[in-house]
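Here is a short note for a colleague who is opening this structure for the first time. Please keep the sequence and the model side by side while reading.

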Amino acid sequence: MGRYAIRRLLQLIPVVLGTTFLINYMVWQLPGDPFAGRCGQRPCPDSYVSAMRAQFGLDQPMLVQYGHFLKNMLTGDLGVDFNQVPVIDQLGAAWPITIRLALLAVAIEAVIGIGAGVLSGLKRGGFLDNLVTISTLFLLSLPVFVTGYLLQWLLGVQLHIINPTVSDEATVSELIVPAFVLASINMAFTARLTRTSIVENLRSDYVRTAVAKGLTNRRVVGIHLLRNSLVPVLTFLGTEIGSLMSGAIITEGIFNIHGIGGMLYRAITGQDYTIVVPVATLLVLVYLISNLLVDLLYGVLDPRIRYE
Amino acid sequence: MSEPTAMQDLLKAEGPAAVPGLGRPDRARSLWRDTWDILRHRKIFWVSLVMLVAFLLMAAFPTLFTHKNPEYATLAKSMEGPSADAWFGYDLQGRDVFARTIYGARTSIIVGVLATLLTVLLGGVAGVLAAYYSRWLDSVLSRVGEMFLGVPYVLGAIIILGTVAPAQSSPDKVTIMAVVIVVLAVLGWPILMRIARSAVIQAKHQDYVQAARALGAGPGRIIFRHILPNSLAPILVYSTITIGSYIGAEATLSLLGIGLRAPVISWGIAIADHTSYIRTGAHALFFPAAFLSLCVLTFVMLGEAVRDALDPKLR
């Protein structure tokens with residue numbers, strides 16, 4: 001186990017290097033002048049452009065720039081944006097909000113998704129099963145922003161149950177509807193995954209043995225069936241935490257939440273790449289590390305899986 | 001789950017569902033024959049097929065559905081609600097929402113289908129090569145795939161599109177559609193590579209492949225005549241669903257202002273144009289959104305029907 005963890009960590013290094021290089025390359029090297037249009041209605045004076053290029057190291061070769069980037073990341077120096085505001089301060093304000101939103105979304109996915117999946121899996125072919133199958137089909141087909149605008153319009157504009165937009169504090173109660181929107185597609189996946197897993201395990205020998213021993217239904221389902229069926233579901237939920245955070249770009253845009261996604265989106269439309277690169281790097285790291293943790297957790301949850 | 005009789009249902013083994021048409025011994029059976037026999041008895045297949053034909057007709061012959069010009073704007077009618085004259089009302093510029101929604105089908109389907117084809121091409125070639133030649137090529141391709149998978153989808157698309165075609169620029173119709181198609185495929189190929197790779201690895205060790213090799217068949221013949229036809233099923237299922245998700249992705253990118261943009265007519269753009277008018281003109285936003293969702297639903301349902309029919313585990 002320990003050796004496996006170390007090997008996986010080592011394998012992560014080339015992927016992290018490659019991904020961050022990809023981001024750096026795409027942002028800084030693709031055509032388009034990052035300083036064009038930063039001076040209002042007139043073209044930027046050469047002195048400004050050359051000073052900015054020197055400050056952000058754009059006059060150096062790509063590999064040297066990438067080396068600087070790695071050094072800064074390792075020392076925790078995220079630099080300043082084009083307006084000379086430290087990036088780390090902006091991150092500090094936005095990060096907690098996005099974490100709150102993502103955790104809330106995972107909680108909603110887990111509770112509703114697993115609940116619906118278990119209920120429909122236990123009674124395959126029943127009314128509830130068909131209901132869950134059809135509603136997950138619809139949820140899977142609704143793009144996140146359609147669900148978002150629909151709920152915003154219905155609950156916020158028409159019924160006045162919620163505020164259409166979230167305030168700066170972004171309290172948990174305000175974030176419930178956005179988190180539901182963010183979770184919607186994964187919730188459907190979770191329900192389906194749970195259902196498949198339950199249906200498969202219902203046929204297994206240990207369930208038959210448990211029933212033959214005369215255990216109560218509650219015990220067979222709760223202790224024997226559920227524990228084993230939830231392993232793949234938990235790993236799915238874990239791997240999705242990372243992508244939820246980048247998926248939050250759209251949800252945060254709709255509900256005007258000042259989190260990481262909104263920050264990244266504003267930086268991209270404003271072409272402030274000094275924010276784009278560190279934020280994107282951070283999101284990628286969260287994504288990769290959560291994937292790794294889930295892989296390791298898999299062995300703990302399911303001892304049948306042996307690591308070489 | 002507390003009533004004791006429920007256990008009876010619980011334990012009723014989920015034996016293979018009786019499928020009419022299977023088990024008739026008089027016909028030569030192939031995977032595709034079986035698949036068709038299962039498919040034509042599934043309601044979900046026919047429903048999705050009818051919807052697919054409707055959307056394809058919309059894309060090919062929009063004039064069958066509307067005689068209005070989607071570009072024609074009457075500012076005086078801006079944001080007028082649905083009426084007998086204009087079923088879906090008018091948008092911000094006073095253009096007919098119904099006409100624009102119908103014409104939007106073409107863009108979405110072209111982008112979805114072409115991006116999927118490109119993904120299958122990129123991922124399929126990489127997957128087949130990785131699986132067939134294994135060794136170092138497999139390691140290299142798998143690592144490269146992981147790097148692309150390491151970038152979350154929306155994030156990657158935003159970064160590439162934000163630099164190649166920033167929101168401020170206004171490229172022409174064909175260029176921007178090509179760019180969006182390439183971006184979707186470039187970010188999506190690793191998943192298809194994994195699917196193709198595992199399917200080919202499974203097929204590679206079958207006896208018939210060994211037999212072909214023993215008979216002196218070259219790699220080209222083995223791959224195209226023996227391995228590919230037998231590993232097509234998972235690729236087909238995944239690509240059907242992918243068309244749907246790419247259509248959704250295209251709309252998402254257009255919504256963010258970095259995907260397609262005017263003068264292209266697309267559901268995503270129509271939604272993006274009216275997000276700020278949700279209080280006064282929700283119709284201009286929700287009619288295109290409904291068509292978009294229905295179109296995605298069509299491909300998701302079709303993919304599910306095909307998967308259920310092709311997956312031997314469910315038989």
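Which pattern does chain A follow when read along the sequence?

1. **Chain A, element order.** The model is predicted. Read along the sequence, chain A runs α-α-α-α-α-α-α-α-α-α-α. That is 11 helices and zero strands.

2. **Chain A, dimensions and burial.** The C-alpha trace of chain A spans about 85 × 55 × 30 Å along its principal axes. Chain A has 308 residues, and 37% of them are buried. Take the contacts in chain A between residues at least 6 apart in sequence. Of these, 74% join residues at least 24 apart.

3. Chain B has 12 helices and zero strands. From the N terminus on, its elements read α-α-α-α-α-α-α-α-α-α-α-α. Chain B holds 315 residues, of which 45% count as buried. For contacts in chain B between residues at least 6 apart in sequence, 69% join residues at least 24 apart.

4. **What the record says about chain A.** An unreviewed UniProt entry carries the annotation "transmembrane region" for chain A. According to that entry, the annotation covers residues 9-28, 97-119, 131-155, 175-194, 233-255 and 275-301. Two of these stretches can be checked against the model here.

5. **Two annotated stretches in the model.** Over residues 9-28, chain A is 100% helix and 0% strand. The end C-alpha atoms of that stretch are 28 Å apart. Over residues 131-155, chain A is 92% helix and 0% strand. There the end C-alpha atoms lie 23 Å apart.

6. **α6 and α7 of chain A.** Two packed helices are described by the angle between their axes and the distance between the axes. The axes of α6(A) and α7(A) cross at roughly 150° and come within 9 Å. Angles over 145 degrees count as roughly antiparallel, so α6(A) and α7(A) are roughly antiparallel to each other. Their crossing is right-handed. From α6(A), the contact uses A:V144, A:T147, A:G148, A:L151 and A:L155. From α7(A), it uses A:V177, A:V181, A:L182, A:S184 and A:I185. The residues of this contact divide into seven nonpolar, three polar and no charged.

7. **α4 and α7 of chain A.** Helix α4 of chain A covers residues 87-122. It packs against α7(A) at an angle of about 35°, with the axes 5 Å apart. The crossing of α4(A) and α7(A) is right-handed. The residues of their contact divide into 22 nonpolar, seven polar and four charged.

8. **α5 and α7 of chain B.** In chain B, helix α5 spans residues 135-150 and helix α7 spans residues 173-204. They pack at an angle of about 135°, with their axes 8 Å apart. That angle makes α5(B) oblique to α7(B). The crossing of α5(B) and α7(B) is left-handed. On the α5(B) side, the contact is made by B:L141, B:G145, B:F148 and B:L149. On the α7(B) side, it is made by B:L187, B:P190, B:M193 and B:R194. The contact residues of α5(B) and α7(B) divide into six nonpolar, one polar and one charged.

9. **A closer look at B:L141.** Is B:L141 buried or exposed? B:L141 sits in helix α5 of chain B. It has 20 C-beta neighbours inside 10 Å, so B:L141 counts as buried. Leaving aside neighbours within four places in sequence, B:L141 is in contact with B:A126, B:L129, B:A130 and B:M193. B:A130 is 11 residues away along the chain, and its C-alpha atom is 6.6 Å from that of B:L141. B:M193 also belongs to the α7(B) side of the helix contact in the previous point.

Definitions and conventions: Residues numbered from 1 in each chain as written. Chains lettered and ligands numbered in written order. Predicted model: local features only at pLDDT ≥ 70, side-chain atom pairs only at ≥ 80, totals over all residues. Axes fitted to C-alpha atoms, helices over the stretch in contact; angles between N-to-C directions. Helix = DSSP H or I, 4+ residues; strand = E, 2+ residues; numbered from the N terminus. Parallel < 35°, antiparallel > 145°, perpendicular 65-115°, else oblique. Left-handed = near helix turned anticlockwise from the far one by under 90°. Contact = placed C-beta atoms within 7 Å. Nonpolar A, V, L, I, M, F, W, Y, C, P; charged D, E, K, R; others polar. Buried ≥ 20, exposed ≤ 12 C-beta atoms within 10 Å, placed from the backbone. UniProt positions renumbered as here; feature names shortened; annotations may be inferred.
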